[in-house]
Amino acid sequence: MFNYMVKSVKRSLKWKLISIIVTILIFTVSTIGISSYIQTKSSVRKDIDHLSMQVLKQANMNLNRYYSEYELAFLMLSNSLEVRDWMRVSSPTVSSELIRNYERIKDNYLNRLFLQYPEVLSVTLYNPSGYEQHFVNTYALPLNYSIKNEPYFSQSKNFEKIKFITGMSENYLDAANQKLKIPVLTLFKQSNDGYLKIDISLTPSQSIMSQIDISNSGVAVVMDQSGTIIHHSHAEEVMGRMDVHIVEAVKDQKEGSIFDKSGKELIIFQTIQMTGWKIIAILPYQEIAKSINYTRNMTIIVAISALIISVLLTYFAASSITGRILGLRKMMKAMQLTSSFHLRAEVEGVDEVADLSISFNNLLGHLEQSIHDHAETRVLQHRAVISALQSQINSHFLYNTLETINSMAVISKQSHIGHVAVNLSNMLRYTSDFKNVQVILKEEIKHLENYLTIMKVRFKDEVTYGIEVPDELMQAVCTKALLQPLVENSIKHGRETTGESVHIRVIGKVMEGDRLLLTVADNGPGFTADTLARLTKESADTQGHSYRHNQVGLSNLIYRLHMFYSGEAKICFFNDPISGGAVAQVSLPLQANLDT
């Protein structure tokens with residue numbers, strides 16, 4: 001039977017054609033299907049990894065905000081005059097002065113703290129004379145409670161910064177005077193030769209973890225450096241211990257993802273900057289495999305269905321397509337040999353063969369475009385990584401250095417040097433905060449005044465300025481670092497170039513009812529014709545410019561306005577017809593600060 005079929009194929013061009021087409025179709029569909037499956041498998045893994053990382057990043061930001069607010073409240077209380085006075089009390093004997101001091105601490109700080117942060121359980125003060133004072137919020141403390149009995153008290157002098165300590169506290173009593181077991185975050189540090197401790201319930205921050213939903217059976221965890229679970233998607237796991245292999249896998253890395261083959265889990269993690277704890281998402285591989293298996297099954301079904309339909313169509317159309325199919329076959333072989341996706345089949349007629357040629361051409365086009373897009377994506381990724389590496393700087397070292405310069409200037413009675421260091425530090429803090437790309441106009445003007453203060457020290461009375469912005473516009477929203485580059489341009493091309501004194505005016509007003517108009521004008525020589533033509537051309541390009549690392553100054557400002565406001569912001573440059581000085585005007589949508 002088999003020999004008979006072979007002889008029939010050899011004698012019939014139609015069957016030869018059918019055999020060839022079927023073979024090619026099987027090869028093509030299988031290759032595409034396998035490649036698609038492999039690519040989809042990789043893409044699904046990357047998408048889940050990316051989605052999980054974004055969810056963790058949002059949770060990380062929320063937790064970091066909680067801890068930052070707690071740290072700020074701790075510092076404000078520890079540095080208050082009332083607490084300092086209390087720390088100087090030498091005798092625990094009750095006196096009117098001691099009572100007044102107690103009431104001032106409670107009225108000025110603690111009532112507000114308990115109101116703003118109802119999760120704060122208690123505040124404990126311990127002065128150098130051994131006297132303790134406890135302030136409680138929701139639950140009571142036993143009469144014999146003492147901070148000296150806490151395990152971390154003996155190591156207190158080793159804490160250079162505020163110590164974040166977690167644990168299951170049994171120190172609190174409910175209304176029935178029964179002991180409670182509460183997961184607690186403790187902030188503790190030496191203060192004014194004494195000690196300050198704040199106990200905070202972990203319930204609010206635990207609610208953040210409960211809201212994380214990455215997959216049906218995945219979990220989210222926050223653990224400290226030792227592997228103690230601080231937060232967990234399942235509240236009953238709090239204060240338990242994380243698996244040792246997970247702790248070891250993530251302890252030396254800041255963020256990333258790891259496939260744990262032993263537990264068949266995908267582990268995605270980030271580090272909480274404030275505390276150094278790890279926030280982790282653990283996804284069972286079977287959750288990821290569902291999408292991959294579905295894609296595989298659908299690929300097989302579609303491929304088999306396409307093959308069956310193609311064989312049937314080939315059989316009925318073989319007699320009329322012999323000539324054209326040979327040409328298509330020739331092109332396919334050429335494509336296979338050269339791997340050149342720019343090749344295209346010649347399309348003749350309007351029947352199934354023509355459709356096959358068109359479809360095959362479209363397929364090659366999609367593959368070629370996909371390869372091109374993938375290559376561009378990899379290039380952009382590499383550029384982003386390089387840019388991120390180049391922009392890293394130890395900001396704490398820089399700020400501490402500027403603070404040292406300021407201290408040295410104060411000691412040397414060189415106040416102008418200290419002013420420059422302080423204003424430069426403020427400018428760097430303002431521009432290095434990447435969390436907020438929008439600020440209120442008041443903050444932007446404060447940043448501008450820091451810069452102008454430095455320029456005044458440098459050029460003295462040769463640089464003067466006036467800021468004419470109504471108080472009602474100070475809460476208007478604008479993009480960060482908007483005015484300073486314009487003023488810097490006036491000084492650079494005015495005083496620094498010509499050596500002549502320069503006066504700068506910064507004007508803000510409302511235009512057309514819903515537009516904020518900001519104007520920076522000077523009495524310098526104005527823009528040159530070439531510069532004015534270049535800036536006018538760049539500002540007219542509402543689509544923005546392709547990002548280039550050499551974009552600085554006004555070109556960078558134009559680019560940022562176009563990218564952030566999507567064409568709704570307008571910027572124009574011209575020379576004042578009377579004074580001849582340079583004028584820059586920025587028009588933005590008028591937005592009020594929603595936080596006020």
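These notebook entries record what I looked up in a predicted model of one protein chain.

**Entry 1. Conventions**

I worked on a predicted model, in which local features need pLDDT of at least 70 and side-chain atom pairs count only at pLDDT 80 or more, while totals for chains, interfaces and linings use all residues. Residues are numbered from 1 along each chain as its sequence is written, and side-chain values use heavy atoms, with hydrogens and water left out.

**Entry 2. The chain as a whole**

I found 15 helices and 17 strands in the chain; helices (H or I, at least four residues) and strands (E, at least two) are DSSP runs numbered from the N terminus. Of the 596 residues, 40% count as buried, where buried means under 20% relative accessible area, exposed over 50%, and partly exposed in between (1.4 Å probe, protein chains only). I then looked at contacts, defined as heavy atoms within 4.5 Å. Among contacts with a separation of 6 or more, 61% are between residues 24 or more positions apart.

**Entry 3. Nonpolar cores**

I took a nonpolar core to be a set of buried Ala, Val, Leu, Ile, Met, Phe, Trp, Tyr and Cys residues joined through side-chain atoms within 4.5 Å. Which members of the largest core touch the most other members? Among its 45 residues, they are Tyr67 and Val123. Elements that each supply at least two residues of this core include helix 2 (13-78), helix 4 (96-116), strand 1 (120-126), strand 4 (182-191) and strand 5. Helix 2 gives the largest share, 11 residues. I also noted a second, separate core of 42 residues, which includes Tyr430, Val439, Ala476 and Val506.

I listed the contacts of Val123, leaving aside neighbours within four places in sequence: they are Leu77, Leu110, Leu113, Phe114, Gln133, His134, Phe135, Leu196, Lys197 and Ile198.

Leu185 has its place in strand 4 and counts as buried, because its relative accessibility is 1%. Beyond four places in sequence, Leu185 is in contact with residues including Tyr67, Tyr70, Phe164, Ile198 and Trp277. Leu185 and Ile198 are 13 residues apart in sequence, and their C-alpha atoms are 8.3 Å apart in space.

Ser201 belongs to strand 5 (residues 194-201). Is Ser201 buried or exposed? Its relative accessible area is 10%, so Ser201 is buried. With neighbours within four places in sequence left aside, Ser201 is in contact with Glu119, Leu121, Ile182 and Pro183.

**Entry 4. Helix 11 and its partners**

For helix pairs I used axes as lines fitted to C-alpha atoms over the stretch in contact, with angles from 0 to 180 degrees between N-to-C directions. Helix 11 (residues 441-459) and helix 12 (residues 483-493) have axes 9 Å apart and pack at an angle of about 25°. The two helices are therefore roughly parallel; angles under 35 degrees count as roughly parallel, over 145 as roughly antiparallel, 65 to 115 as roughly perpendicular and the rest as oblique. Their crossing is right-handed, a crossing being right-handed if the near helix is turned clockwise from the far one by less than a right angle, and left-handed if anticlockwise. Leu448 and Tyr451 of helix 11 and Val487 and Ile491 of helix 12 are among the residues making the contact. I classed the residues of this contact as 10 nonpolar, two polar and two charged; Ala, Val, Leu, Ile, Met, Phe, Trp, Tyr, Cys and Pro count as nonpolar, Asp, Glu, Lys and Arg as charged, and the others, Gly among them, as polar.

Helix 10 (residues 415-432) also packs with helix 11, at about 145° and with axes 9 Å apart. This crossing is left-handed. The contact involves, among others, Val420, Met427 and Tyr430 of helix 10 and His447, Tyr451 and Ile454 of helix 11. By class it has seven nonpolar, seven polar and three charged residues.

**Entry 5. Helix 14 and helix 15**

Helix 14 (residues 529-540) and helix 15 (residues 553-565) cross at roughly 15°, their axes coming within 9 Å. Helix 14 is therefore roughly parallel to helix 15. The crossing is right-handed. Arg534, Leu535, Glu538 and Ser539 meet Leu554, Ser555, Ile558 and His562, a contact of three nonpolar, three polar and two charged residues.

**Entry 6. Positive phi**

Asn177, in the loop between strand 3 (163-169) and strand 4, has a positive phi near 65°. Asn177 counts as exposed, because its relative accessibility is 56%. Lys460 lies in the loop between helix 11 and strand 12 (463-468) and has a positive phi of about 55° although it is not a glycine.
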